Amino acid sequence: MAEEKSALQSAREWIVDHKLRAVGTLWLSGIVGSIAYNWSRPGMKTSVKIIHARLHAQALTLAALAGSALVEYYDHQQGSGSKVHQYAKQFLSSDGSSQKE
């Protein structure tokens, strides 16, 4: 019988497979959350609220990209079979056969 994956392991695999989607979702949720928080604070101009929301989302996105890079580095060190190597093999082998004439 195969071992069942924990929720953390399955979430980690999804993030590894969908890095850009995860970062984009985090950015969008950061914008929405920051706008909701800033709109609840009276005494700020609308332009300042939007600028603060963008800055918060930008910081969150940079943190997510750094985390994604750490996951990729960890996978590369552990030899988990980085997708970069799989894609490189696929495209290099197909390019070599299509270039021959």
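Modeller: Here is a quick tour of the chain, and keep in mind that this is a predicted model.

Biologist: OK, what's the secondary structure of the chain, helices or strands?
Modeller: There are four helices and zero strands. Reading from the N terminus, the elements go α-α-α-α.

Biologist: And what share of the residues is buried?
Modeller: Of the 101 residues in the chain, 15% are buried. The chain exposes about 8,100 Å², and carbon and sulfur atoms supply 63% of that area.

Biologist: Which residues make the nonpolar surface patch?
Modeller: That would be W27, L28 and V32, which together form a patch of about 300 Å². W27 sits in helix α2, which covers residues 19–39.

Biologist: Why does W27 count as partly exposed?
Modeller: Because its relative accessible area is 41%, and partly exposed runs between the under 20% of buried and the over 50% of exposed.

Biologist: Switching to N38, where is that one found?
Modeller: N38 is also part of helix α2.

Biologist: Buried or exposed?
Modeller: N38 is buried, with a relative accessible area of 0%.

Biologist: So what is N38 in contact with, leaving aside neighbours within four places in sequence?
Modeller: N38 touches M44, K49, H52, A53 and H56.

Biologist: Last one: of the chain's contacts between residues at least 6 apart in sequence, how many join residues at least 24 apart?
Modeller: In that set of contacts, 42% link residues at least 24 apart.

Technical notes: Residues are numbered from 1 along each chain as its sequence is written. This is a predicted model: local features need pLDDT of at least 70, side-chain atom pairs count only at pLDDT 80 or more; totals for chains, interfaces and linings use all residues. Side-chain values use heavy atoms; hydrogens and water are left out. Patches are made of residues with over 30% relative accessible area and no salt bridge: like charges are joined within 9 Å, nonpolar side chains (Val, Leu, Ile, Met, Phe, Trp, Tyr) within 5 Å. Accessible areas come from the Shrake-Rupley method with a 1.4 Å probe; for residues, only the protein chains shown count as cover. A salt bridge is a side-chain nitrogen of Lys or Arg within 4 Å of a carboxyl oxygen of Asp or Glu. Helices (H or I, at least four residues) and strands (E, at least two) are DSSP runs, numbered from the N terminus. Buried means under 20% relative accessible area, exposed over 50%, partly exposed in between (1.4 Å probe, protein chains only). Contact means heavy atoms within 4.5 Å.
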